[in-house]
Amino acid sequence: MVSVVVPVYNGEHFIKRIYDQICVAAQMLPKNAGGVEILFINDGSTDASGNMLEALAKQDERVHCVSKTNGGIADARNAGLDQARGEYICFVDQDDFMRPDMLSVLYKDVAANEADFVQAAADSIRENVADSVCGGKTAGNACKSRADDQEQSAKYISRGDEAYPHYIQTLVMRGLVDYPDCKITGSVWCCMFRTDFLRENNISFYRFCDYEDDWIFLTLALVQAERFCVEKKTVYTWNIREDSESHNRKVNDRYLDDFYEKHKLLRAFFWEALKNANLDAAMEERFGCELQKQALLWSLSNETGRGISKHTADESIDTLKKVVAKEKEDGIYRKLNRFPLYISVAGSHGIKRVYYTWRDKLLTFLLLHRQVGAAVFLNRRLLHGRWHI
C-alpha cells in the first residue's frame, strides 16, 4: 500500500481538487501495490477544511483525517508519517498538481529495484488568485497538457558508486556545483520513500531556520540511503500562487527568534552531510564563504525586514555586532566577498544580477568593517535585502 500525506491549512478551495487527483493516480497503480491510503492532516485550519475532510472520510474508506493544532507544514508531515500504514509513502501539497501516472511511475521505480527512495522531475506554474478561488481549472488543464507523453527513464545510484558524492554535493551545495548528470533537488513532493527506511533511520521533517524542511529531509534520506533512484519523467507541478505567504512580496517579513544560533546548527548539519561528498579544498572554501555570507546577511535580514518591529535600531545593531564578533572569532574566509551570495543571484540576469551582487558585497563589507549601523539603516530604509524567507 502507498500512503499519500497531504497537509491542509485553510485549504477549502483545494481539497476536492487534490483528492480527485490522488484518486485518479491511485487507479493507475499496479494491483500488487495494494492501493492507497490518503492521509489529510488538518493543521489547525480556521475555514471549512475540517468539515470537508470529515465528509470525504465518511464517503471514502481510504481517506483518514488527522486534526491537530497549527504547527506548520513540517509538523503536519511528521504527523502523517507517524500515522502512515503503507509500505511506501509520498508527501504532496494541497494546492499543487499531481500527474495521473505519478504514483505508478514512482512505485515502479522504487519497488522494482529495492531502492530506498525515488525522486522524479517536477515543473512549476504560476496560478493567480482568481484561479485559486475557482479551483484552478486553467492551471490544472495547462498542467495536464505538459509532458504527459514522456517516457519513464530511471537511473539508480548505490552507495559507493562514483557518482554518489556528486549527488550529495548537488543537493547540499545547491547551485555551487554543476554535475549535469547528477540532478537532485530539495523538493519532497515528487518523491516516494520506503516507509521503513525513514523510520529505521529516524528521518523526519524539521527546520533549523525557516524554510528548509524539504531540503533537510532529502539530505538525511540521501546520506542514509543504500540505493536511490532518479526518474527523469515529470510527475508533479509546483503551483506558485501569487497570494501565498512565501511569494507575496507585500507580506511582512517574519522575525525568527535565535536566528543566528539556528543558522550555526544548519551549517553544522551541512558540513556533516558533506563528509561523504569528497570536497576538494577550493570547493570547501567556496561553500564556507557561502555559508558565512548567509550567516551575516540573513542575520541582517532578520533584523531589518519589512514590517519587523521586534527590536529598535539600536537593539538590532547590538545583536548584529555580536553576530559579527562571533564570526570574526571563528575566522572570516579570505575570499568571502569575491563571490556573490548564490541565493541572491540565482536565476537573475543582467542589471538585476549586478545589483544583487553589489548590494550583498556592500552590506557584507559594512558589517565586517565596524559599520553595522550603516548596514542596518541601508537595508531597513533603502535596499530591503530579503534572504532567509
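These legends describe several close-up views of a predicted model. Local features are described where pLDDT is at least 70, and side-chain atom pairs count only at pLDDT 80 or more, while totals for chains, interfaces and linings use all residues. Residues are numbered from 1 along each chain as its sequence is written, and side-chain values use heavy atoms, with hydrogens and water left out.

**View 1. Helix α1, residues 15-27.** Helices here are DSSP runs of H or I with at least four residues, strands are runs of E with at least two, and both are numbered from the N terminus. Helix α1 has 13 residues and spans 19 Å from its first C-alpha to its last, close to the 18 Å expected at 1.5 Å a residue, where the expected span is 1.5 Å times one less than the number of residues. Its buried residues (under 20% relative accessible area, with exposed meaning over 50% and partly exposed in between, for a 1.4 Å probe and protein chains only) are Ile15, Arg17, Ile18, Tyr19, Gln21, Ile22, Cys23, Ala25 and Ala26. In general, an α-helix has 3.6 residues a turn, so residues three or four places apart point the same way.

**View 2. The crossing of helices α12 and α15.** The axes of α12 (residues 313-330) and α15 (residues 372-383) come within 9 Å and cross at roughly 125°; axes are lines fitted to C-alpha atoms, for helices over the stretch in contact, and angles run from 0 to 180 degrees between N-to-C directions. That angle makes α12 oblique to α15, since angles under 35 degrees count as roughly parallel, over 145 as roughly antiparallel, 65 to 115 as roughly perpendicular and the rest as oblique. The contact (heavy atoms within 4.5 Å) is formed by Ala313, Ser316, Ile317, Leu320 and Lys321 of α12 together with Val372, Gly373, Val376 and Arg380 of α15. By class, there are five nonpolar, two polar and two charged residues in this contact, where Ala, Val, Leu, Ile, Met, Phe, Trp, Tyr, Cys and Pro count as nonpolar, Asp, Glu, Lys and Arg as charged, and the others, Gly among them, as polar.

**View 3. Leu320 in helix α12.** With a relative accessibility of 2%, Leu320 counts as buried. Leaving aside neighbours within four places in sequence, Leu320 is in contact with Ser299, Leu300, Glu303, Val372 and Val376.

**View 4. The packing of helices α14 and α15.** These two helices pack at an angle of about 150°, with their axes 7 Å apart, and α14 and α15 are therefore roughly antiparallel to each other. On the α14 side, the residues that meet α15 are Tyr355, Trp358, Arg359, Leu362, Leu363, Leu366 and Leu367, and their partners in α15 are Val372, Ala374, Ala375, Leu378, Asn379 and Leu383. The residues of this contact divide into eleven nonpolar, one polar and one charged.

**View 5. Thr364 in helix α14.** Thr364 lies in α14, which covers residues 350-368, and at 1% relative accessibility Thr364 counts as buried. Not counting residues up to four places away in sequence, Thr364 touches Lys293, Leu296, Leu297, Leu336 and Asn337.

**View 6. Positive phi at Glu114 and at His384.** Most residues other than glycine have a negative phi. Glu114, in the loop between α4 (102-112) and β6 (117-127), has a phi near 55° and is exposed, with a relative accessible area of 69%. His384, in the segment after α15, also has a phi near 55°, and at 26% relative accessibility His384 counts as partly exposed.
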